[in-house]
Amino acid sequence: MSDQDFIAYVVGETKGWALEPAASRRDWMDQTPYKGANRCLPMVIANQAGWIVKSPCGFKATWTGKNDPADLTIEVQENPAIYSKQIASVFGSGIVTFSLPWLFRTPPGIGLLVRGPMNTPRPDAVPLDGLVETNWSPATFTMNWKLMKSKSPVWFRKDEPICHLMPYPLDLL
């Protein structure tokens, strides 16, 4: 699949959002002794397989531990009129939902594996994976993160990678 085969149609407000090729480096890998983790070719390849989406703004999410969508509070630091519509509690159960402002299109037989940024652990939230049939789907999709602890604020920073998009041959399913 070439870059010309991956299309992102703008369908919403893109102010602050970034979609870019995934980088091979991770800060934590650079901090290992002698930067040794950077010599693990399978990790480096996975890091840069596809594209990343960065958070358009900084915000704090706090979950009460209950299951209703209203039991998750999201406090957007800047432009709440824009970003409060794109970053919300849709599913409940402590899940933060990012409504991406693009409709993605891939070639026939290729979908997108949608997940958190590769090899980027966080102790307070876990990205939820999805496989999207972007070769035909007429709808956008969301990126979701599950908060791990109730009553413990979780911060997402502006420009922090929140989504990794990796082409995936659907016939492998």
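Which residues lie nearest the centre of the largest pocket?

1. **Pocket.** This is a predicted model. R26, D27, T120, R157 and P161 lie nearest the centre of the largest pocket, out of 16 residues that line it. The volume is about 420 Å³.

2. **Lining.** Helix α1 (residues 27–30) gives the largest share of this pocket's lining, with three residues. By class, eight lining residues are nonpolar, seven are charged and one is polar.

3. **Salt-bridge network.** The structure holds seven salt bridges. R122, D124, R157 and E160 are linked in a network of them. R157 is also among the residues nearest the pocket centre.

4. **R122 and its partners.** E160 forms a salt bridge with R122, with the closest N and O atoms 2.5 Å apart. E160 sits in the loop between β13 (154–156) and β14 (161–169), and R122 in the loop between β9 (110–115) and β10 (125–128), so this pair ties together parts 38 residues apart in sequence. D124 also bridges to R122, at 2.8 Å between the closest N and O atoms.

5. **Burial.** R122 counts as buried because its relative accessible area is 17%, under the 20% cut-off. E160 is buried as well. D124, at 24%, is partly exposed.

6. E75 forms a salt bridge with K60, the closest N and O atoms being 3.7 Å apart. E75 is in strand β5 (residues 72–76) and K60 in strand β4 (residues 59–63), 15 residues apart. E75 is partly exposed, at 40% relative accessibility.

7. **Surface patch.** I7, Y9 and V11 form a nonpolar patch on the surface, with about 260 Å² of accessible area together. I7 lies in strand β1 (residues 7–10). At 30% relative accessibility, I7 counts as partly exposed.

Definitions and conventions. Residues are numbered from 1 along each chain as its sequence is written. This is a predicted model: local features need pLDDT of at least 70, side-chain atom pairs count only at pLDDT 80 or more; totals for chains, interfaces and linings use all residues. Side-chain values use heavy atoms; hydrogens and water are left out. On a 1 Å grid over the protein atoms alone, a cavity is a set of points where a 1.4 Å probe fits but cannot get out, and a pocket is an open set with protein on both sides within 12 Å along at least five of seven lines; lining residues have an atom within 4 Å of a point. Grid points are joined across faces, edges and corners, and a volume is the space filled by probe spheres set on the points. Helices (H or I, at least four residues) and strands (E, at least two) are DSSP runs, numbered from the N terminus. Ala, Val, Leu, Ile, Met, Phe, Trp, Tyr, Cys and Pro count as nonpolar, Asp, Glu, Lys and Arg as charged, and the others, Gly among them, as polar. Patches are made of residues with over 30% relative accessible area and no salt bridge: like charges are joined within 9 Å, nonpolar side chains (Val, Leu, Ile, Met, Phe, Trp, Tyr) within 5 Å. Accessible areas come from the Shrake-Rupley method with a 1.4 Å probe; for residues, only the protein chains shown count as cover. A salt bridge is a side-chain nitrogen of Lys or Arg within 4 Å of a carboxyl oxygen of Asp or Glu. Buried means under 20% relative accessible area, exposed over 50%, partly exposed in between (1.4 Å probe, protein chains only).
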